[in-house]
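The following exercises concern a single protein model. Each task is followed by a solution in steps.

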Amino acid sequence: MSVPVPRRAVLRGAVLLGAAAGVTALGQFTADRGARAVGSRVDQPVIANCATWGARPPSSAVTVVQNRPNKIIIHHTAFPNSTDYSLAHAYQNSRDIQNLHMDTNGWIDSGQHFTNSRAGYLTEGRHGSLYALLHGQTMVQGAHCVGQNSQAIGIENEGIYLDVQPPQALWDSLVTFCAFTCQQYAIPATEIYGHKDFNSTQCPGLLHDRLPELRSAVAARLG
Ligand SMILES: [Zn+2]
C-alpha cells in the first residue's frame, strides 16, 4: 500500500500524457510486437492501459521524469484476497485502487505505476506509465514509496500476504513483469526491492521474503 507524498513534488515540472497518447503508443507497440530489439529476450506481456480498464483522468497533469528508473519496488494492496479471478475483477481492482488514491489519499492519480491481479492480469496504474515503459527512456513520477518515486517503478500486487502466499498466477505474472521492466530500462535483476526496504510498513508481507527467489527468476529470464 502506498503512503502520501508532498503534492508539490507531484506537480513540479508537470507534462500531460493523456489517455489518448497512451492508446496511440500502445497501438504502435502492439503492431510492432513481432519485431523485438536485438538482444531483447523477454516478450512484452499484455498490460491493459488506463483507457482499457476505465481509469478516471488524473486530477492534474502527471510528471514525466527525464531519467530511467533504477529499481523496481514490490507492494501488496492490503485489499482482501479475492477469489474472483476474472479479467473484469482485475479491472475493478484497478479502479478501486485509483479511487482510494484519489478520493481518500488526495493524490492526482493511482500512486503505483502498474498493478498485478491475483489472477495475474497486469494493468497500467498512473497514466503514462505504460507509454514510458514501452519506450524505456523516461518514467512517470509515482506516489508509492516515499523517497523513491522518481527513481523506482512501483507495482501493486492485489491482496494481503502477511500470513498467506500469493496465488501462483500472481507470482508468475510478477516475474514476467519484472523481467520485461528490467529489460526495458536496463535495471539489474538485483535491483528489485520491497516497500519495507525504504519505508516503515509491513508491505509487501511474505512477498518480501521471496525477493531473492524473484531476483533469481528474473535474472534467468533475462539470460
Ligand atoms: Zn507498499
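**Exercise 1: A strand and its partners**

Strands S3 and S7 (residues 152–157) pair in the parallel sense over 6 bridges; two strands pair if DSSP finds at least two bridges between them. The model is predicted: local features need pLDDT of at least 70, side-chain atom pairs count only at pLDDT 80 or more, and totals for chains, interfaces and linings use all residues. Residues are numbered from 1 along each chain as its sequence is written, and side-chain values use heavy atoms, with hydrogens and water left out.

Task: Determine which residue stands opposite histidine 75 in S7, and how many bridges join S3 to strand S8.

Solution. 
1. Helices (H or I, at least four residues) and strands (E, at least two) are DSSP runs, numbered from the N terminus; the protein has 8 of each.
2. In S7, glutamate 156 is the residue opposite histidine 75.
3. S8 (residues 192–194) runs parallel to S3 and is joined to it by 3 bridges. Isoleucine 192 of S8 stands opposite isoleucine 72.
4. S3 (residues 71–76) has 6 of its 6 residues buried, where buried means under 20% relative accessible area, exposed over 50% and partly exposed in between (1.4 Å probe, protein chains only). Lys71, Ile73 and His75 point one way, while Ile72, Ile74 and His76 point the other way.

**Exercise 2: Aromatic pairs**

Task: State how many aromatic pairs a search of the whole structure finds, and describe them.

Solution. 
1. Rings of Phe, Tyr and Trp (its six-membered ring) pair if their centres lie within 6.5 Å; planes under 30 degrees apart count as stacked, over 60 as edge-to-face and the rest as tilted.
2. The search finds 2 aromatic pairs. Phenylalanine 114 and phenylalanine 177 form a tilted pair, 5.0 Å centre to centre with 55 degrees between the planes.
3. Phenylalanine 114 lies in strand S4 (residues 114–116) and phenylalanine 177 in helix H6 (residues 168–185), so this pair ties together parts 63 residues apart in sequence. Phenylalanine 114 is buried at 1% relative accessibility, and phenylalanine 177 is buried with a relative accessible area of 1%.
4. Tyrosine 193 and phenylalanine 198 form an edge-to-face pair, 5.5 Å centre to centre with 80 degrees between the planes. Phenylalanine 198 is partly exposed, at 30% relative accessibility.
5. The charged end of arginine 215 sits over the ring of tyrosine 193, 5.6 Å from its centre; the criterion is NZ of Lys or CZ of Arg within 6 Å of the ring centre and within 35 degrees of the ring normal.

**Exercise 3: Helix H6**

Solution. 
1. H6 is mostly covered, with 15 of its 18 residues buried.
2. Just after H6, alanine 186 takes a positive phi of about 55 degrees.

**Exercise 4: Confidence**

Task: Identify where pLDDT stays under 50.

Solution. 
1. pLDDT is the predictor's confidence in each residue, from 0 to 100. The mean for the protein is 88, and 83% of its residues reach 70 or more.
2. Values stay under 50 over residues 5–35, for which the model has 49 contacts beyond four places in sequence; contact means heavy atoms within 4.5 Å.
3. Where pLDDT is low, the predicted coordinates should not be read in detail.
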